[in-house]
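Hello,

Here is the structure I promised to pass on. My notes follow below it.

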Amino acid sequence: MTKIAVLVSGGGTNLQAIIDCFETGSITNASLELVVSNKPGAYALERASKKGISREVLVPKQFSTREQYGEAMIRCLESHRIDLVVLAGFLVILPENFVKHYEGRMINIHPSLIPSHCGPGYYGLKVHESVLARGNKVTGATVHFVNEIADGGPIISQKAVNVLPDDTPEKLQRRVMEQAEWILLPQAIDDIANGRLVIEGGIVKKVIQS
């Protein structure tokens, strides 16, 4: 059984999608053990509370260094024996020691087709504003493993979403969530929990099981 922690900063819509997939049986061989937020007032914590999921709040500014913050995060997750870390709208650049500790065991959802509209500064509505400013006709979402480069880890899956003529950043954000993010992230969790994904030479490959 793969024990999962979800890291959040805001409303937790991707967290809710994960919770829903656990309840429908779309995610198997896994358990959602912990939700961690960097913001005490994040609504995602309320979503976790309603389902009886353990919650922790670790605020980076409460630590003297990024390394100390990373160490605290590691201790928190290890206390729950976490196997897989899922970043779901977690708006913190993670400390190097934390990233290295969970290398190959941490994934992220990004609301664009990487390598477009990604990297430092590209998060939330800023991504969709960039898509519209560039006049892109297609955008989407990407699930990838996390490494020391922001949005630079090996790609697990991507899904395209059309950009419509009357789109605002808010409209586009909602469509990308509904048509891509809420589908890709639970799928990736289920694939990892059931051993259907491997990394070879920095490339993610699906394992065909008999």
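Does V35 count as buried or exposed? At 0% relative accessibility, V35 counts as buried (buried is under 20% relative accessible area, exposed over 50%, partly exposed in between, with a 1.4 Å probe and protein chains only).

Two points on the source. This is a predicted model, in which local features need pLDDT of at least 70, side-chain atom pairs count only at pLDDT 80 or more, and totals for chains, interfaces and linings use all residues. Residues are numbered from 1 along each chain as its sequence is written, and side-chain values use heavy atoms, with hydrogens and water left out.

V35 sits in strand β2 (residues 30-37); strands are DSSP runs of E, at least two residues, and helices are runs of H or I, at least four, numbered from the N terminus. Leaving aside neighbours within four places in sequence, the contacts of V35 (heavy atoms within 4.5 Å) include V6, L15 and I53.

In the pairing of helices α1 and α6, T13, N14, A17, I18 and C21 of α1 meet M177, E181, W182, L185, P186 and I189 of α6.

Regards
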